[in-house]
Amino acid sequence: MADLFGDQPQGWDEPICPGAVVLRGFALARAQALLDAVAAVVAQAPFRHMVTPGGQRMSVAMTGCGDCCWISDRRGYRYDDVDPDSGRPWPAMPALFRALAEEAAGRAGFAGFVPDACLINRYEPGTRLSLHQDRDERDLGVPIVSVSLGLPAQFQFGGLARNDPLRRIPLGHGDVVVWGGPARLFHHGVLPLKAGRHALTGELRINLTLRKAR
Ligand code: SIN
Ligand code: FE2
């Protein structure tokens, strides 16, 4: 039996479908350190509301770190190695992010995952992320690792087709979701965040998605 009270990892694995799993509490022991690292990134690359190609302001505030980061503007969605707000390269990816992503992916069956980009999403009460696929990465054989911190959210996870049935998965502080393989292009989103207060993040949810973009 797994040692639930050892150092790390904590929690239990909850399969969603082939290729996708929730690792409950996997990031819990590292949550404060992750949030400190997020604060250091944000000091260099502040959160901002990007605009969709259709001209809509996204309700999620975003920033990121790594060799490149996902951005959206009137020209489209893409990865860019420069922060368009500052004209400077994105902050380096903290080693802690890379280590967590590699361990979580390994536990989910995707050994050797080395992320080069991390998108950081900030949700306030009412913030949502509409159903989408993560498809701007070059190698779709590599998984996505998503880390939830702070206020809980309802994650939606569907299928390859936009109108496939959606599972609703509660994600709490310290939970990690990994999706890859047959689930790599499955649609997903986040329902409007409910108001609340978390000891470490206050009235916010912070999500990290670690990707290999290039
Ligand atoms: C994402 O799909 O990029 C973020 C998912 C989440 O916030 O849980
Ligand atoms: Fe996504």
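The mean positions of the 24 positive and 22 negative charges of the protein lie 6 Å apart, where Lys and Arg count as positive and Asp and Glu as negative, with His and the chain ends not counted, and where the place of a charge is NZ of Lys, CZ of Arg, CG of Asp or CD of Glu. This is a predicted model, in which local features need pLDDT of at least 70 and side-chain atom pairs count only at pLDDT 80 or more, while totals for chains, interfaces and linings use all residues. Residues are numbered from 1 along each chain as its sequence is written, chains are lettered from A and ligands numbered from 1 in the order in which they are written, and side-chain values use heavy atoms, with hydrogens and water left out.

The protein has 2 helices and 13 strands, taken as DSSP runs numbered from the N terminus (helices H or I, at least four residues; strands E, at least two). Of the 214 residues, 51% count as buried (under 20% relative accessible area, with exposed over 50% and partly exposed in between; 1.4 Å probe, protein chains only). Among contacts (heavy atoms within 4.5 Å) between residues at least 6 apart in sequence, 72% join residues at least 24 apart.

The count of aromatic pairs comes to 5, by a rule under which rings of Phe, Tyr and Trp (its six-membered ring) pair if their centres lie within 6.5 Å, planes under 30 degrees apart being stacked, over 60 edge-to-face and the rest tilted. Two of these pairs share Phe 157, as the table shows.

| Pair | Centre to centre | Angle between planes | Class |
|---|---|---|---|
| Phe 155 and Phe 157 | 5.9 Å | 35 degrees | tilted |
| Phe 157 and Phe 186 | 6.1 Å | 45 degrees | tilted |

Because Phe 157 lies in strand β9 (residues 153-157) and Phe 186 in the loop between β11 (176-179) and β12 (188-190), their pair ties together parts that are 29 residues apart in sequence. Phe 157 is buried at 0% relative accessible area, Phe 186 is buried at 15%, and Phe 155 is buried as well.

Gly 54, by contrast, counts as exposed at 65% relative accessibility and is found in the loop between α1 (31-44) and β3 (61-66).
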